[in-house]
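Reader: Hi! Could you walk me through the pockets and the core of this one?
Author: Happy to, let's take a look.

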Amino acid sequence: MNISSRLNYLHEFSNHRDRFGSNPLNIYYSQPFIGGLYNYKKQRSIQYAQYNNSMKQYCSEIADIQIQAVNLFMSLFASKLAADLSHKNLLISDSLLIVSKALLDNGHFTEYEYHQVELQQLNNQYAFENSTKNYRKALRELAIFLNKMEWTNDKIEVMEPPFNLPLQIDEKQASFYARQNNPFVLSQEKKRLKAEQTLFTAKMDNRFNGNINITYGLNQYADRFIDAYRKPDYTQGIVIGVQIPIFQWGINRNKLRIAKNNYQSSIIEIDQAEADFENNVRNIVENYNHNINLWFVATKSYKLSQEQYLLLSHKFRSGKVSVYELASAQQEQYSAMQKYYNAIQNVWDSFCTLRKATLYDFTKQIELKDLLSNVND
C-alpha cells in the first residue's frame, strides 16, 4: 500500500498564466493472488530480524569498548607487577652487593663472583627504570581512553583484578545465549529468510498468478493555488492482471533450477558458518575453564617463587648459597611472574570474548541489553 499527496505548479511565460494541479490524497494498493501473504510475513520477519540485530550490534560495540578498556588495564597491571618486583629485587640486590663486598674483602668471594652480584644489581636497576617508564606510559594510555587525565597527576593504586568470575561456565548455556544474541547469528538468520523469499519468488514467477491493483485519489486543477484544493474530483480504479506462463522454451525452468541451486548453496554456507561459530564459542568456554585452573596454580607459584628468592637472599649473606643459585632463583621469580600475569590476562580475555559472543554477563547472570538499560536508567 502506498499513500501520497502532490502539488504541481506550471507557469506559462507567453500568456503569463499560472496553473496549479493538486493531488491531496492518493491511495494505491497492490496484492498478488498467490504468495502475497507469504511474502508479507517473510518481509516482516526480515525487518524484525534487522531491527533486533541493530540492538544486538549496539551491545556488541559496547562490549568491544569494554574489551579495549580491560586490555589497557591489563597492560597497566603487567607494568605495575614488573615495577613492583624489580623495585623489590633492586632493594635486595643493593644489600647483597654490600654483603658481597665484605665477602670479597675477607677472601670468601672471588672477584668474578663479586662482579656477578654487581651485574645482577645493575640488571635489576635497569629493569626497574624500564618498568617504571612502561607503567607511566600504560597509565597515561588508560587515562586518555577513559578521559581521566587527572589520574596521571595523582598517586593511583593499581590493584590485582579481584577474582569475582565464575569458577566454571556451562557450555550449553553459552551456546544458547550465543545463538540467541550474537549479531553474526542473527545476520545469518536474516540471510536464510532472504534466501527462502528469493526462492519462493522464483517459483511464483514460473506459475499462474495475477495482481489486483486498486487506486483511489483526489485531484483538481485551477488557476489559483487556493482553488486547487476546492471540490477535488474523485478517481477510483481497479486493475486485475493475470500471469499465465505458456511459451517458456525452458527459460523459466532454468531460472527456477538456478534459484534452487543458489538457495541450497546459501543454506549450506549459512549452516557451515553457524557451525564454525558455535565451535568457536565452545573453544572459548573450554579455554576459560582451563585458564581458571591455571590462575590458581600460577598465583601459588608466583608467591612461592618470591618466598624462595627472599629465603635464598638470607642464606647468601651467610655464604650458604652461591651467586649462581641466587641468579637462578631471581630468574625463576620473573618467569613465575610472567606466568601469573598471563594466567590472569587469559582468563579475562576469555571471559570478555565470551561476553561479547553471547552478549550475556555470566557474573551478574544478565543479558547485556538489560544491563545497559539499567545503567542508562
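**Pockets and core**

Author: This is a predicted model. The second largest pocket holds about 270 Å³ of space.

Reader: Nice, which residues lie nearest the centre of the second largest pocket?
Author: Tyr135, Arg136, Leu139, Lys155 and Ile156 do, out of 14 lining residues. The element that gives the most to that lining is α2, with 5 residues.

Reader: And how does the lining of the second largest pocket divide by class?
Author: There are 7 charged, 5 nonpolar and 2 polar residues.

Reader: OK, how much space lies in the largest pocket?
Author: About 350 Å³. Its lining has 17 residues, with Val70, Leu165, Trp348, Phe351 and Cys352 nearest the centre. By class, 12 are nonpolar, 3 polar and 2 charged. The largest share, 7 residues, comes from α1.

Reader: Switching topic: how many residues are in the largest nonpolar core?
Author: It has 41, and Phe77, Ile169, Val281, Trp295, Tyr340 and Leu354 have the most contacts inside it. α6 supplies the largest share of this core, 12 residues.

Reader: What does Phe77 touch?
Author: Leaving out residues up to four places away in sequence, Phe77 touches Val158, Met159, Glu160, Pro161, Tyr340, Tyr341 and Ile344. Apart from that core lies another of 15 residues, including Val99, Phe109, Phe316 and Leu326.

Reader: Back to α6, what span should its 36 residues have?
Author: At 1.5 Å a residue they should span 52 Å, and the end C-alpha atoms of α6 are 53 Å apart, so the two agree. Just after α6, Leu359 takes a positive phi of about 50°.

Methods
Residues numbered from 1 in each chain as written. Predicted model: local features only at pLDDT ≥ 70, side-chain atom pairs only at ≥ 80, totals over all residues. Heavy atoms only, no water. Core = buried A, V, L, I, M, F, W, Y, C linked by side-chain atoms within 4.5 Å. Buried < 20%, exposed > 50% of the residue type's maximum accessible area, 1.4 Å probe, protein only. Helix = DSSP H or I, 4+ residues; strand = E, 2+ residues; numbered from the N terminus. Contact = heavy atoms within 4.5 Å. Expected span 1.5 Å × (residues − 1). 1 Å grid on protein atoms, 1.4 Å probe; cavity = no way out; pocket = protein on both sides within 12 Å on 5 of 7 lines; lining within 4 Å. Points joined across faces, edges and corners; volume = space filled by probe spheres on them. Nonpolar A, V, L, I, M, F, W, Y, C, P; charged D, E, K, R; others polar.
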